[in-house]
Amino acid sequence: MFNIRHLVITGLIALLFQLPIIAGQAGAAEITTKVADGIYAYSPGDGYISMFVVTSDGVVAVEPVNTKHAEGMLKAIKAITDKPVRYLLHTHNHWDHSGGGKVFRNVGAKILAHEEAYAWMKANPHRDMVLPDEAWNGKRKDIKLGDTTIEMHYIGMSHGLGMTVIRVLPQKVVYIADVVTPKRVLFTIVPDFNIKEMVRALTDIEKMEFSRAIFSHTQADSVIGSKADVIEAREFIQDLQRAIVAEFKKGTNFGKIPQVVKLPKYKAWAMYKEWLPMNTWRVMLDMYMGPFPWRPARNFEK
Ligand SMILES: [Zn+2]
């Protein structure tokens, strides 16, 4: 029988996987980029970028995305090293980042996610997502493999649940998912972002010591980013907030504000014309209604 619920869910999932293409984020070709000694950015050209770290004692993969993406990443790893993949790390809960874990489980990797992300993943199964082997808690967890340290920093409310920034030492490279997309305005309606906490989280990331950054999505010419990208992402939000406040003060009709707010400084950024009005709606509502989504702070949050 025709099952409308199934049809809607399947349609939504299909749309979800097409979004990077709609967003014009998709690179043309599969590419592995060496970012630092032993650190690689991988993308099959689907608009999603993962990271893998080759140490003297095995490999750590970050962000499987989905089965196809994860299979491509595993191939890219094997082209560089024979060492086993010891860990797969998730940055947050969302289906469009946390699928494909089974590919790495099948080769013996241990899958880790922050407990907040784990709880959501357990409550919201997806056909392409497996439950991690370990839910870590608190603000920080480190893995030492050979001479390399992989630090997992939980950055609190910002986007999604369990949002984790990964820093690799001694190379001082960070991996950041979704909270920063260089040279692009905020994503569509800014889904599952707490704007106030985003600004706080980005400020916290700016305080971390790192020399290079890999972002899950980018519109910059290079996949190798830097702290300047994090600063720009925060400034964009604050410039948008200031522009909205200016319209409030002028007494501009609420419904008209998203049509009149312009930020010429960012007009060369990807999706400026298409998404700025949606960004404005969302940031304005966050200012008007109060920050959302919000949850009571756990002992590991500020
Ligand atoms: Zn996300």
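I counted the secondary structure and got 9 helices and 12 strands for the protein. I note at the start that this is a predicted model.

Overall figures. I looked up burial: 42% of the 302 residues count as buried. I then took the contacts between residues at least 6 apart in sequence, and 64% of them join residues at least 24 apart.

Helices α6 and α7. I describe two packed helices by the angle between their axes and the distance between the axes. Helix α6 covers residues 195–207 and helix α7 covers residues 227–250. For this pair I have an angle of about 155°, with the axes 10 Å apart. I have the crossing of α6 and α7 down as left-handed.

I listed the residues that make the contact. On α6 they are I195, M198, V199, L202, T203, I205 and E206. On α7 they are K227, V230, I231, A233, R234, I237 and Q238. I sorted the residues of this contact by type and found 9 nonpolar, 2 polar and 3 charged.

The open sheet. I traced an open sheet of 5 strands in the order β8-β9-β10-β11-β12, with mixed pairing. Which strands stand at the edges? They are β8 (140–145) and β12 (212–215). Each has a single partner strand, so one side of each is left without a neighbour in the sheet. I have the twist averaging 20° from one strand to the next.

Strand β11, residues 173–176, is joined to β12 by 4 bridges, and the two run parallel. Across this pairing I found Y175 opposite I214 of β12.

Residue H126. I placed H126 in the loop between α5 (115–123) and β7 (134–136). Is H126 buried, exposed or partly exposed? I counted 16 other C-beta atoms within 10 Å of H126. A residue is buried at 20 or more and exposed at 12 or fewer, so H126 is partly exposed.

I also checked what H126 meets from elsewhere in the chain. Leaving out residues up to four places away in sequence, H126 touches W95 and G99. I looked up S98 as well: S98 and H126 are 28 residues apart along the chain, and their C-alpha atoms are separated by 9.5 Å.

Conventions
Residues numbered from 1 in each chain as written. Predicted model: local features only at pLDDT ≥ 70, side-chain atom pairs only at ≥ 80, totals over all residues. Contact = placed C-beta atoms within 7 Å. Axes fitted to C-alpha atoms, helices over the stretch in contact; angles between N-to-C directions. Left-handed = near helix turned anticlockwise from the far one by under 90°. Nonpolar A, V, L, I, M, F, W, Y, C, P; charged D, E, K, R; others polar. Pairing = 2+ DSSP bridges.
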